[in-house]
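Hello,

Here is the structure I promised to pass on to you. Have a look first, and then read on for what turned up in it.

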Amino acid sequence: MPTLLRCLLLLLLSFGSGLSLAQASDPSPTVVAPTATPAQALDQLTEQLDSVRADLKSKDGNPPLADLRATALGVQDQARQLAASLAPQMAALQAQLTVLGPAPASGAPAEASEVAAQRRQLDRAQTNLDAQIKQAQLLGQNALQLAAQISGMRNDQFQARLASRTATPFSGVFWVDLARTLPGDTQRLKRLGVRLGNAWGDAWQPPNRQPLLLCLIAAVLLLGGGRWALERVLLELAKRHVPDGHLRRSAMATAVALTAVFTTGLAAELAYLGLNWNDILDDDTATLAHATVQLVCFAAYVVGLGRALLSVRRPSWRLPALTDRVAQCLRPFPWWLGAAALAFGLFDRASRTIGTSLPATVAARGLFALVVSGLIGMALMRMHRTRLASASSDAEPQHRPVWVGILMAAATLAVVLCWLAVATGFIALAFFLAREMLWVGVIVASTYLLIHLLTDLVTALLAPQGRGGQRLQNTFDLQPHTLEQTVIVLNAVLRVTLVLLALATVLTPFGAGPGDLISSAKQTFGNLKLGDLAIDPGSIFTAALVFAIGWYTLRRLKCWLRDKLLPSSTMELGMQESLVTLLGYLGSMLVFVLTLAALHVDLKSIAWIVSALSVGIGFGLQAIVQNFISGLILLVERPVKVGDWVSLSSDVEGDIQRINVRATEIRMGDRSTVIVPNSQLITQNVRNVTLANALGRVQIVLPLPLDTDAGKVRSLVLEVLRAHPATLESPAPLVQLSGIDANSMTFSCTAYVNSPRDVGSVKSDLLFELLQRLRDARMSLVRSQLVRTLPTPPGDAEHTD
């Protein structure tokens, strides 16, 4: 059991030390002994800082800048901690001096000698302590400045390494140099092989043979059936304890990736422990073996991550939106990429151990760049061919997110640049591109997996219909829409946080930020000016990046609010649209201001623009500004909102579809759209039918003869009004006898519907039904009487006289 615990601990330490290919971890800085006095600690930190400066000025090769920077940052952190630890002592001394009070003034009675001695002692201690605090603070500032200087040197080395050029593989010089140094490199490799053989011979001796055999047997069992057994156990646990749905799928995908790392890494660590059971390996060989374990873990993680995301055998577990054909064609690439990373990593570590010649190192890095970029290029080509085959078979085209298209385009460009760099002799640039393609691919895949896992976990725990959501609702008396909004917000925060962490992790192996890659352009074009405004390529690039990111973020935020957050709230549709539109205005102004700030534009530089706009507004843009301000008033005061049915004095009546910056779109009854300037909705009389009461009223007037049974008519009409599915029970339908004249009596029939927009159709249905029911009941409406005036015959007139 202790051996197993030791193996697990060493595996966790090796795995946590980093997954970056050919990226050594920074050594921890020297820790000041806790028993040292503040003066001794300051002396030790000063010596460390002087040692870093001496190493930077050293002429013996290139100093390890990463190690020196880590040491300088360690000194800065320890100096800060030392100053913070001395602050309470300074406060205690000040409190004691406050208790003693000030020294007596001249001419005043002298104080006791003990008090005076104690005050002098406290003053000296305070002076010394203050000097130590200031020295620690100054030491921290010097260390921070030195770390910044080292970072600049690392950036310079990084750019110089990318820009370095060797002989192209198409020239004879490249192969001549390689052939010239090949015998020496072969001898070094043979000596390393002899050392490894001797180490194996020592490990096979009787004192170490049994632990070696046990470790190797355990490693073989782990590689043979350990992964399969562990996956089966995790699958059974997931079926029993994880609810069915997205969480189980993402949890199993994560388990597949981590299982591959755990079993393979533990097997490698067991082999290393068996070989070095009694510390029989020398320092160089032990370092090489330990680095091999880390490389095996990284390669296993690449393979496991690919298996988890492709999920060829279990398509229902697949997280990405990939077809079975695409997953099948991409199946071998994680194995090939992991093998390539492991092979080159082993060669790189071995070459560092034996000191391989420069031509061999350059050739190996060029080969690695070609292999990795070639594998990535083959994967992209297979995906493209599969998509073309699916499109030719009249299959439904698969939706691909924008970020996936951007990554594929960037990968394609990187593959082309990598091969061109190798062909032209820029081996370092090609190696850098290939390594970063592999690194970025692992980071993106890991982030994608973590996003799915964490968002599914939050959704499963807080969903209103889930067990956790039900408990939260019962415990804290929460509404379901509150939990829905919480889930949406938490998922958005998790996504943004993971993406930012992924970006920071991607930039870690560079040793420099993106701004360093355009420093040469800044030096070339930094003197160009447009009036008082300096044209800085870095500022222009930053401003374009700020504008693009701001615009895209604002767009996604508006879509998120419109489609996810606000629909889950109790706000009405008009208020939701108003909030989204107002956010668009404010966000656009903020993006514009941030873009100007990135360009380093001040008010003096844009004074002429402001003047021109003022003149334009004064002469020709008054109406536009008036409409814009009116639009803001409409969004804030909300006399009308999206979804209202309004009627204007200009015979415009319909539903408000959208309130824009300048005008409002109103949908008429004939399905046409009228564009009304916003100022008309502010300055003119507007009839808002749905502002206070959104119900519609259907009113029908029925004239019937005087001899009609009024009670029977009232019952019949109420029955018809209540039977229609669109009429409301509250307010209830109403039938009134509104008037009686010499020939008829008039009934006023009223019913209410949900919206004024339904009045016309419901009234038509009711009239049809009423006419049919009245006809069936043999009740006739009052007909208009036609009076004819006939001429009197002449004979009748004379007779009358």
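Helix 23 runs over residues 759-776, and at 1.5 Å a residue its 18 residues should span 26 Å, which agrees with the 25 Å between its end C-alpha atoms. That expected span is 1.5 Å times one less than the number of residues. Helices (H or I, at least four residues) and strands (E, at least two) are DSSP runs, numbered from the N terminus.

Before going further, a word on the background. This is a predicted model, in which local features need pLDDT of at least 70 and side-chain atom pairs count only at pLDDT 80 or more, while totals for chains, interfaces and linings use all residues. Residues are numbered from 1 along each chain as its sequence is written, and side-chain values use heavy atoms, with hydrogens and water left out.

Which residues of helix 23 are buried? They are Val-759, Val-762, Leu-766, Leu-770 and Leu-774, where buried means under 20% relative accessible area and exposed over 50%, with partly exposed in between (1.4 Å probe, protein chains only). Seen down the helix axis, the buried residues of helix 23 fall within an arc of 90°, so they line one face; the arc is that of the directions from the axis to the C-beta atoms. Gly-760, Phe-768, Arg-775 and Asp-776 are exposed on the other side. The cover over the buried residues includes strand 8 (696-705), helix 22 (710-723) and strand 10 (744-753). After helix 23 comes Arg-778, with a positive phi near 55°.

Strand 8 and strand 10 are joined by 10 bridges, and Leu-704 stands opposite Met-745 in strand 10.

**The nonpolar cores**

A nonpolar core is a set of buried Ala, Val, Leu, Ile, Met, Phe, Trp, Tyr and Cys residues joined through side-chain atoms within 4.5 Å. The largest one has 51 residues, and Leu-305, Leu-309 and Val-372 are among those with the most contacts inside it. Helix 11 (358-392) is one of the elements giving two or more residues to this core, and helix 11 gives the most, with 12. A second, separate core of 24 residues includes Ala-41, Leu-93, Leu-97 and Leu-129.

Happy exploring!

Terms used:
Contact = heavy atoms within 4.5 Å. Pairing = 2+ DSSP bridges.
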